[in-house]
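Hi,

Here is the structure I promised to pass on.

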Amino acid sequence: MYSQLSHFQIHLSASGDMWSPFKVMLIALVAASSFTPVCVLEFCSDSECHSHDATAPSSRPPPNAFKSRWNASASNLLRDLDRFTVSCKKLIEAFPIDEGEGNYARPVKNCIFSKSVPTPLKGPLRLAAASKEVIEDMLDLDVAVTRSDDFLHYASGGRLPPGSVPLAHRYGGHQFGSWAGQLGDGRAHSLGQYTNRKGEVWELQLKGSGKTPYSRSGDGRAVIRSSVREFLGSEAMHFLGVPTSRAASLIVSEEPVKRDQFYDGNVKTERGAVVLRLANSWFRIGSLEILSQSGEIDLLRQLLTFVIDEHFPSIHPDDPDRYLAFYSALVNETAHLIARWTSVGFAHGVCNTDNFSLLSVTLDYGPFGFVESYSPHFVPNTSDDEGRYAVGAQADAGLFNLGKLATALGPVLSEKQQSEARELLKGYVDIYHKRTHQLFKAKLGLLAEEEDDSYLIAFLLKMMEETRSDFTMTFRQLSEASFQQLLYRNFTQLWALQDLSSYKLFPDWLSMYQLRLLRQENDSDLERQQRMKNENPRYVLRNWMAESAISKAEKNDFSEAAEKAGYAERPPSWAKGLKVSCSS
């Protein structure tokens, strides 16, 4: 299977419709004042962070301190958390609920969810970060509420929002190619669905909020290290234009949590944290697999019908091929999602079926990473000894996962439909290739279509691989360089292009590229540069940047600025030794 995609991936890895590179991320715990004009994250310095000792009597703010009615003449943002309500009615009425009670680990059958109450983090609690865009534009809350004691409790599992019936989701999955059986939300609790003023429905979930029936041998907690990465990763991907879950807030505590980070017997005590995150749905391929594998076919139909009715409005309820149409949509959108990942050099790290969304958004930020020195063999996860989920192999992982989805759908498809599903899956490779080609043409500022465009792109990526050139900054600096600079190879202060130019055939590629640009009618150099800047970020969340933020966060220091920290400069030498594992 790898041979089917690997050659193209080495040269044509891809991802999404980039937003303005100046919005593309200040990707560390940045002081709010340093980036308010360009970013929607809001972080607090140590002196600003609102903290609260959850073990002490609640020191609620004075009455009406955060209370106001909806103000039609102002921003319509809610300032009273007691009036922020969610609903679990749709999910609870749609599916049978686990009859067992309690958060102890156990096998669960014939249900989609188990009722499971979060375990409050032990204080003192501290707000480490909040996404202003998520809080205000998606949850209709004034960001000021994040500074209240109430918010600390709601966003860490100590208090439930009105209407909440907390649920843990049952699912299974293929992990590193093998069926792992029952998995499920082992440390996550869905609080309910919120419908905002724009009519969008978001399912709120706490991650790191304690044990559930699916915790197996785990403690249900997440540590600061992994929670910082979850928060930053999801928000960074959003501003890179990649479909993703979102993070609203990060609450850190003094609660001790023991972790063997690299599974080498070196157990350390870390601090617990909880991320409040959002998605339109948390259903994944593994949600369907567990039902098919367990022979719960009526419930499989029930879940499929629910997902299609809620999230695929173009599929008619009476269409006899509606399950096939659903599968076709997932084949297409999964190919597009992975193309977007690879065009920004993103490696998920754990591309198991339980981490692949039925809505084709990026879920579950664990040992992810962004490519630095370009290599299709880049593996961010130290637990992935065989490189199964290397950045250049992710499209193959998507193909494998979609094959397992087709198997899961088998019991509800006729023989003819199963055959058609296999044909749909064969089209995945072409969809992926076509999308990567489009995205990399845009990254190079190419208009229209010429016969040699694929070769031009492949040639560039081969040079980058041979010279170990920086993936992000090579494309960014090609965007910043004028035609004159390219013509005379004036790469002063363009360190990534200097690295690339060491390749013996670089002059040949550069001549091809310049001639290709000259053939673009009615296209000025400034227009070309601006198009490319919109496609090629200046910042991505490199592991060394996240590590820097984590180190500071563990010391209750939540301030760092992108340019000042040198995030567009050559990565430091110590970055090469960083390791990330599945431990969190």
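Strands β6 (residues 172-175) and β7 (residues 178-182) pair in the antiparallel sense, over three bridges. Keep in mind that this is a predicted model. If you want a place to begin, find Gly 172, which stands opposite Gln 182 in β7. Two residues sit between the strands, giving a hairpin, and in its turn Phe 176 has a positive phi of about 50°.

Next, two helices. Two packed helices are described by the angle between their axes and the distance between the axes. For α8 (residues 322-343) and α9 (residues 394-409), the angle is about 165° and the axes are 10 Å apart. An angle over 145° counts as roughly antiparallel, so that is what α8 and α9 are to each other. The crossing of α8 past α9 is right-handed.

Which residues make the contact? On α8 they include Tyr 323, Leu 330, Ile 338 and Trp 341, and on α9 Gly 398, Leu 402 and Leu 409 are among them. By type, the residues of this contact split into 11 nonpolar and five polar, with no charged ones.

Last, the aromatic rings. Searching the whole structure turns up 22 aromatic pairs. Take Phe 95 and Phe 113: their ring centres are 6.3 Å apart and their planes are at 55°, so this pair is tilted. It links distant parts of the chain, 18 residues apart, with Phe 95 in the loop between α2 and β3 and Phe 113 in strand β3.

Terms used
Residues numbered from 1 in each chain as written. Predicted model: local features only at pLDDT ≥ 70, side-chain atom pairs only at ≥ 80, totals over all residues. Heavy atoms only, no water. Axes fitted to C-alpha atoms, helices over the stretch in contact; angles between N-to-C directions. Helix = DSSP H or I, 4+ residues; strand = E, 2+ residues; numbered from the N terminus. Parallel < 35°, antiparallel > 145°, perpendicular 65-115°, else oblique. Left-handed = near helix turned anticlockwise from the far one by under 90°. Contact = heavy atoms within 4.5 Å. Nonpolar A, V, L, I, M, F, W, Y, C, P; charged D, E, K, R; others polar. Pairing = 2+ DSSP bridges. Phe/Tyr/Trp six-rings, centres within 6.5 Å; stacked < 30°, edge-to-face > 60°.
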